[in-house]
Amino acid sequence: MGRAVFTGKFPLAGEQLHPIDPLILSQTRTTFSLLILVPLLIFPYKGRGGWRRIQLPASDLIQCLVLGMLGVAASNYFYYVAIQRTSVAVAIVLQYTAPVWVLLYVVARGQQRLSLQRVVAVLVALAGISLTIGIVGSNSASAFHLDRYGLIAAMLASFSFAFYNVGGHSILARYDRWRVLTWTLMSAAVFWLFVNPPWKVAATHYTLAQWAFLFVFSMISVLGSFSLYFLGLQYLEPTRAIIASCLEPVFSILLAAVLLGEGVRSIQTLGIVLVLSAIVIVQLPGRGAEDREAVLVDPIE
């Protein structure tokens with residue numbers, strides 16, 4: 001949906017004077033979701049409710065606020081910039097290399113041991129990235145003509161996802177995920193208010209239909225998707241749920257090809273398959289006890 005808006009293939013994007021910007025898409029995505037999520041969490045239910053449901057100690061609250069700015073806000077923005085300037089396939093494949101960067105971090109910190117499985121995963125991922133963005137392959141210098149800023153944005157989005165995974169792991173182990181999500185969304189929403197104040201948003205003069213699209217987009221891409229993913233976690237082991245979520249890039253690429261006419265070259269297809277394979281290899285359970293303490297979690301998009 002984001003790519004369709006950026007390219008003008010969605011009717012709402014036909015507003016040539018006021019196209020929807022990646023900044024607005026990122027800002028409204030977090031803000032609208034927060035405005036709906038907070039009342040749902042604090043509304044009394046079976047004698048429980050109020051602000052106590054989302055309260056956090058000061059130290060953990062600060063950590064959530066940092067994660068909201070450098071994790072949620074940064075990753076959302078750079079991800080949509082990457083979609084706008086490259087393609088859905090390139091953006092989402094590079095984004096999903098986040099587990100690989102998390103792996104390198106935890107190994108460097110001595111939290112996990114380097115194993116053949118992990119080395120293979122990193123090498124396969126790097127090979128896949130090279131093929132996907134055209135660094136390696138026939139006529140690699142001119143085959144894809146990918147926007148450099150778009151590629152940089154995609155990698156920054158991936159690093160932001162990795163930062164959220166590493167920084168949020170300890171909090172998610174102690175608190176309800178919705179509580180953590182509330183404060184990270186709060187931080188991102190407030191951050192965007194300083195970057196893009198309300199009067200600048202009003203100056204865009206978006207139509208009612210565009211605002212309706214932004215609201216529906218927020219509900220689908222944040223509240224709807226997280227509700228379904230957490231529901232799946234009730235029935236699946238975390239490792240299986242995360243590996244199943246790796247189908248997201250596959251569906252995204254297929255939908256972009258069918259609905260937006262985005263073609264994927266054969267060498268790019270091979271690269272995408274390699275990256276997805278690396279993600280699965282990284283998240284397969286290891287033999288050691290320490291491997292069962294999984295640090296890799298699914299990124300917030």
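Ile36 is a residue of helix α2. The model described here is predicted.

**Surface patch**

Ile36 belongs to a nonpolar patch on the surface, together with Met1, Leu40, Phe215, Val216 and Ile220. The accessible area of these residues together is about 530 Å². Two elements, α2 (22-42) and α10 (208-233), each give two or more residues to the patch. The most comes from α10, with three residues.

**Packing of α3 and α8**

Two packed helices are described by the angle between their axes and the distance between the axes. For helix α3 (residues 58-85) and helix α8 (residues 177-195), the axes come within 7 Å and cross at roughly 65°. The crossing of α3 past α8 is right-handed. The residues that make this contact are listed by helix below.

| Helix | Residues in the contact |
|---|---|
| α3 | Leu61, Cys64, Leu65, Leu67, Gly68, Met69, Val72, Ala73, Tyr77 |
| α8 | Val180, Trp183, Thr184, Leu185, Ser187, Ala188, Phe191, Trp192 |

Sorted by class, the contact of α3 with α8 holds 14 nonpolar and three polar residues, and no charged ones.

**Salt bridges**

The count of salt bridges comes to two, with a side-chain nitrogen of Lys or Arg within 4 Å of a carboxyl oxygen of Asp or Glu as the rule. One of them pairs Asp60 with Arg174, and their closest N and O atoms are 2.6 Å apart. Asp60 lies in helix α3 and Arg174 in helix α7 (residues 148-174), so this pair ties together parts that are 114 residues apart in sequence.

Key:
Residues are numbered from 1 along each chain as its sequence is written. This is a predicted model: local features need pLDDT of at least 70, side-chain atom pairs count only at pLDDT 80 or more; totals for chains, interfaces and linings use all residues. Side-chain values use heavy atoms; hydrogens and water are left out. Axes are lines fitted to C-alpha atoms, for helices over the stretch in contact, and angles run from 0 to 180 degrees between N-to-C directions. Helices (H or I, at least four residues) and strands (E, at least two) are DSSP runs, numbered from the N terminus. A crossing is left-handed if the near helix is turned anticlockwise from the far one by less than a right angle, and right-handed if clockwise. Contact means heavy atoms within 4.5 Å. Ala, Val, Leu, Ile, Met, Phe, Trp, Tyr, Cys and Pro count as nonpolar, Asp, Glu, Lys and Arg as charged, and the others, Gly among them, as polar. Patches are made of residues with over 30% relative accessible area and no salt bridge: like charges are joined within 9 Å, nonpolar side chains (Val, Leu, Ile, Met, Phe, Trp, Tyr) within 5 Å. Accessible areas come from the Shrake-Rupley method with a 1.4 Å probe; for residues, only the protein chains shown count as cover.
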